[in-house]
Amino acid sequence: MIAPFALPFMARALAELGLLALVCGPVSALVFARRLSFVSDALTHTVFPGVVIGFVAGGLDGLFIGALIAAVLTAVVLTLLSRSGATSDDASTAVVLTAMFSVGVVLVSRRSSYTSDLTSFLFGRILTVTPRQIAETAVLVAVVLGLLAIGARALIFRAFDPAGAAAAGYRIGWLDLWLNVIVALVVVAAVRAVGTILVVALLIVPAAAARMITDRLATMAVLSTVLILAAGYAGLLASWIASVDYGIALTSASTVVLLLVLAYVSLIPIGVMRSRRARPALSPAAQRSPHELVG
Amino acid sequence: MNWWDDALYRAAAEAILAGGLAGIVGVQVVLRRLSYFTMALTHAAFPGVVAASLIGINIVAGGIVAGAVMALGVVALSRRRGQNAAAATGVMLSAGFALGAALVATQKGFSRDLSSFLVGSILTVSTPDLLITAVVLASVSAVLLACARPLMLTGFDPSGARAAGFSTATWDIVLLLAIEVVVVTIVPAVGTILAVALIVAPAAAARPWSARMPVITALAVVFAIASGLGGLYISNRWNVAAGASISLTAVAILLVSMTLSSVARRHPRTRPSVVITGMAGWNHGVVHSGAGADRARAADAGAG
């Protein structure tokens, strides 16, 4: 069970996932509480033009800076758009997402062959993570955990009682920007190593699964981290066994995501039992409709 | 040589058909705030498309089945207490895309198809693709036209609709499935990202100019077709990816429309001011423009 991780590249992949687990646990709990799934999905796409411009301007070193600038820019634009109220949150998020991604595609399509660049952006290359990338991730993880530790109380207050937080003197706009920047930094830390799909999954699925077991935010954060660690280890191991022993090409990133989703699905019965015990079934009028997919 | 053999003419025909489709459902997507759901659909249909092409059946059929599973899954998950709809959609999105990626990885040399799935390949659209798009356009507009009244009622006043005896869940599912069919139809031609741009941006651009559903829909269709044709022209002229230039054109139209409408609102003598913050603004408009009367009539019918 440990033998595959004696290989340097497997150990590095596991270390990268471990670092991401540390930070994605708490951040995914906040993303769940604030319903920022669409914003996190948008951020994973909008770093693409930054990656392209960074690569053209500064080669491999420019990638990281480019992604960082694009992500922070998106966080600012999304916060401003949702404050101004010109269009609804979700429509403006969708427009920013498609616009920035299209800019990236236009830039890339000027080059002769771009399909492999796009593919590696989507799926990442977790098995070829370099020590330098792990160091970059570690720095960003430290920064994000610091930002979270400073802002946690205010962010949680704003998530559950925006009017109360505003009355208590918190600046809601700055708090929203704070959280959007945190999500943006997580995306930048993760996207190059693990690809966009895995980042979205790490930011959304663990907290949704943990919510089935608990309704305490701190417990949710810890459970999410544990879940990511377990899925990361099992996913890497499964894809190793599948490709080495059975010759099936099973990509590690999608295996990790599918294991997380499996955990979510298998926790649904527990969630149903808990809500039954907590209070009788809600009246139809109080049930949610799917039409509140606010970004 | 037949003019139809020219790829550009076929692409233009597809842009017009896809623009029409995107415009008519886009209004529902924007007003009901379903953009994230639309985005998730484009990803969730992915494993269906891949599986269908592996088995060798029509990829649109495969996508429609996978998308329908996703739509019903979101409805089921978001009705759980404690699970918000956004998180449920995110879970379905991640699951669908990871499943599709895992299926793709088992095949060799698939990454080319994968990229065309993401950014579209409107210039290689075939005559059967065009036929499918035209059939879907006809049937979806027929469904939306026939169900216009209950859809409007359940969308803008769910509790009133429920009191009037409409089943909101049923009509939600009808609408979600209509959106799903449209998304799956236009994705192979125009790509996932462009599909979202073409559905959301023209409808959002049309929204400030009217509070009447038919007017907004007509405007959205016009904007979507204009983005399609304009984007094709730009792509042809400067040799950039067609899908991306179409979605950038759609965004440019949205920006121009928002600028013009905010100018128009600052000079109220040119046109009456319209509140444009989504549902709240819409409710405002509807009550004054006839749907309120419909609601009263429907409520009478329900009581009787």
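In this predicted model, helix H1 (residues 8–34) of chain A packs against helix H8 (residues 217–245) of chain A. Their axes are 8 Å apart, at an angle of about 150°. Angles over 145 degrees count as roughly antiparallel, so H1(A) is roughly antiparallel to H8(A). The crossing of this pair is right-handed. By class, the contact of H1(A) with H8(A) holds 20 nonpolar and six polar residues. Charged residues are absent from it.

Follow H1(A) to its end. Arg35(A) sits in the loop between H1 and helix H2 (37–84) of chain A. Its phi is positive, about 55°, although Arg35(A) is not a glycine. Is Arg35(A) buried or exposed? Arg35(A) has 20 other C-beta atoms within 10 Å. A residue is buried if 20 or more lie within that distance, so Arg35(A) counts as buried.

Arg33(B) lies between helix H1 (7–31) and helix H2 (35–55) of chain B. Arg33(B) is not a glycine, yet its phi is positive, at about 60°. Arg33(B) has 19 C-beta neighbours inside 10 Å. Burial needs 20 or more, so Arg33(B) counts as partly exposed.

Now step back to chain A as a whole. How many helices and strands does chain A have? There are nine helices and zero strands. From the N terminus on, the elements run α-α-α-α-α-α-α-α-α. Of the 295 residues of chain A, 51% count as buried. Consider next the contacts in chain A between residues at least 6 apart in sequence. Of these, 74% join residues at least 24 apart.

Another helix pair in chain A deserves a look. For helix H5 (residues 131–160) and helix H7 (residues 172–210) of chain A, the axes come within 9 Å. They cross at roughly 155°. That angle makes H5(A) roughly antiparallel to H7(A). The crossing of H5(A) and H7(A) is left-handed, whereas that of H1(A) and H8(A) is right-handed.

Which residues of H5(A) and H7(A) meet? From H5(A), they include Gln133(A), Thr137(A), Leu140(A), Val144(A), Leu148(A), Gly151(A), Leu155(A) and Arg158(A). From H7(A), they include Ile172(A), Trp178(A), Leu179(A), Ile182(A), Val186(A), Ala189(A), Arg192(A) and Ala193(A). By class, this contact has 18 nonpolar, three polar and two charged residues.

Turn to helix packing in chain B. H2(B) packs with helix H10 (residues 192–206) of chain B. The axes are 9 Å apart and the angle is about 155°. That makes H2(B) roughly antiparallel to H10(B). H2(B) passes H10(B) in a right-handed crossing. On the H2(B) side, the meeting residues are Ser35(B), Thr38(B), Met39(B), Thr42(B) and His43(B). On the H10(B) side, they are Thr192(B), Ala195(B), Val196(B), Ile199(B) and Val200(B). By class, the contact has five nonpolar, five polar and no charged residues.

Val95(A) is buried, with 25 other C-beta atoms within 10 Å. Where does Val95(A) stand relative to Arg277(A)? The two are 182 residues apart along the chain, and 42 Å separates their C-alpha atoms.

End in chain B, at helix H11 (residues 213–238). H11(B) has 26 residues and reaches 37 Å from its first C-alpha to its last. That is close to the 38 Å expected at 1.5 Å a residue. Just after H11(B), Asn239(B) takes a positive phi of about 55°.

Within H11 of chain B lies Val221(B). Val221(B) counts as buried, with 23 C-beta neighbours inside 10 Å. What does Val221(B) contact, leaving aside its neighbours within four places in sequence? Its partners are Gly19(B), Gly20(B), Gly23(B) and Ile24(B). Thr170(B) is 51 residues from Val221(B) in sequence. In space, the two are 26 Å apart, C-alpha to C-alpha.

How values were computed:
Residues numbered from 1 in each chain as written. Chains lettered and ligands numbered in written order. Predicted model: local features only at pLDDT ≥ 70, side-chain atom pairs only at ≥ 80, totals over all residues. Axes fitted to C-alpha atoms, helices over the stretch in contact; angles between N-to-C directions. Helix = DSSP H or I, 4+ residues; strand = E, 2+ residues; numbered from the N terminus. Parallel < 35°, antiparallel > 145°, perpendicular 65-115°, else oblique. Left-handed = near helix turned anticlockwise from the far one by under 90°. Contact = placed C-beta atoms within 7 Å. Nonpolar A, V, L, I, M, F, W, Y, C, P; charged D, E, K, R; others polar. Expected span 1.5 Å × (residues − 1). Buried ≥ 20, exposed ≤ 12 C-beta atoms within 10 Å, placed from the backbone.
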